[in-house]
Amino acid sequence: MPEATATLSPAPRARVQAMKEYHPPLGGRDALRLDFNENTLACSPKVREVLAQISAGSLTRYPEREPVEAIVADHLCLVPEMVALTNGVDEAIHVLFETFLEAGDELLLPVPTYTMYEVYASATDAHVVTVQAADDLQFPFERLLAAVTLKTKIIAIANPNSPSGSVATRAQILQLARSAPHAVILVDEAYFHFHGETIIDLIGAVPNLVVARTFSKAYGLAGLRLGLLAGPARMMRWVRRMLSPYSVNSIALACLPPALEDTAYLDWYVSEVLAARAEFEAALDAARVRRWPSRANFILVEIGAQHAEFVRLMRKAGVLVRDRSSDPGCDGRVRITIGTREQMRHAGTALNQTLAALRAESEAR
Ligand code: PMP
């Protein structure tokens with residue numbers, strides 16, 4: 001090899017060079033995890049039983065996705081051609097964007113919202129058009145509708161949205177779908193179980209509607225990386241071309257049927273979180289912390305200029321929370337995941353102590 005070339009390294013695509021690095025703060029999480037909107041407890045015991053039975057021999061085989069897709073489709077009252085299992089919703093977003101977005105296209109995005117839409121869009125040649133929510137962080141429906149153009153190729157709506165916890169109504173989603181028949185309307189229902197409302201029943205009936213679901217939140221399987229994309233069969237055929245047949249591993253596939261079957265566990269966990277959310281909202285109100293109404297397993301709160309110190313002190317008290325200050329329109333705001341009532345009582349104590357410490361600190365200045 002000529003000496004000069006030894007120091008050269010192959011250049012990635014210009015788009016990739018321009019991409020921002022995204023490093024979620026996953027280090028040092030041995031504490032109460034109220035930072036990633038995960039299930040804060042465990043998955044169903046039925047899933048653990050299946051996990052315990054997985055043999056070494058079964059791991060020698062490539063995973064077969066189709067039979068499990070049929071089970072999931074049945075569970076959702078859809079046909080298998082309408083459902084693709086994915087390596088988390090993140091893969092669903094990635095593959096959907098790679099399938100549809102090209103130069104000249106626009107991704108329409110109400111913000112603040114889930115970070116990965118913009119990350120994956122920035123790897124394509126499409127242009128991201130954002131619509132900023134007002135201070136109430138409600139779904140900016142009218143302005144989103146007004147921002148639809150003939151170039152709009154995907155509209156991504158997290159419902160409920162993160163980090164705000166706000167929701168879009170079925171009527172709003174349908175009107176957007178009708179107003180942009182040339183665009184894919186992605187409704188990301190990652191937090192569906194805590195909201196209880198879905199639009200997945202209209203898959204197929206609305207020709208440009210796709211819905212994503214995850215097993216990372218209520219089901220408590222974030223580590224397995226399991227999500228799904230549901231859409232009209234015609235559209236899903238294109239998506240499947242881009243999807244690796246093996247991206248969902250066999251352990252995740254084995255765990256999915258018992259996770260779906262154990263509705264009692266899921267119902268229990270969701271009702272526990274909803275009860276904890278109501279209690280924690282009362283604690284925030286008592287502490288005079290501004291909060292945004294949430295239909296999900298997290299609450300966005302206003303901390304103000306001391307947001308970074310707040311997150312640091314909460315961590316010191318054993319509670320991890322997520323600073324969302326760098327999200328558009330979210331300066332000084334922190335997102336707190338809701339766990340069980342017991343966990344949230346502990347979090348409430350840490351919150352009050354932290355707020356008192358911050359108050360003392362600012363008075364001493
Ligand atoms: N969509 C939204 C709105 C999310 O908040 C998250 C996770 N934080 C995801 C998708 C990612 O889900 P998954 O773990 O299935 O990739």
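**View 1. Helix α4 and the shell around the ligand.** Helix α4 (residues 88-100) gives the largest share of the ligand shell, 3 residues; helices here are DSSP runs of H or I with at least four residues, strands are E runs of at least two, and both are numbered from the N terminus. This is a predicted model, where local features need pLDDT of at least 70, side-chain atom pairs count only at pLDDT 80 or more, and totals for chains, interfaces and linings use all residues. Residues are numbered from 1 along each chain as its sequence is written. Of the 13 residues around the ligand, Gly 88, Val 89, Asp 90, Thr 214 and Ser 216 come nearest (near: a C-beta atom, placed from the backbone, within 6 Å).

**View 2. The open sheet.** Here 7 strands line up in the order β2-β8-β7-β6-β5-β3-β4, with mixed pairing (a pair needs at least two DSSP bridges). Strands β2 (83-86) and β4 (127-132) form the edges, each pairing on one side only.

**View 3. Strands β6 and β7.** Take a look at β6 (residues 184-188) and β7 (residues 209-214), which run parallel and are joined by 4 bridges. Leu 186 stands opposite Val 210 in β7.

**View 4. Helix α13 and its cover.** Helix α13 (residues 341-364) has 24 residues and reaches 34 Å from first C-alpha to last, close to the 34 Å expected at 1.5 Å a residue (1.5 Å times one less than the number of residues). Buried residues in α13 include Met 344, Ala 347 and Leu 351 (buried: 20 or more other C-beta atoms, placed from the backbone, within 10 Å of the residue's own).

Terms used. A residue is buried if 20 or more other C-beta atoms lie within 10 Å of its own, exposed if 12 or fewer, and partly exposed in between; C-beta atoms are placed from the backbone.
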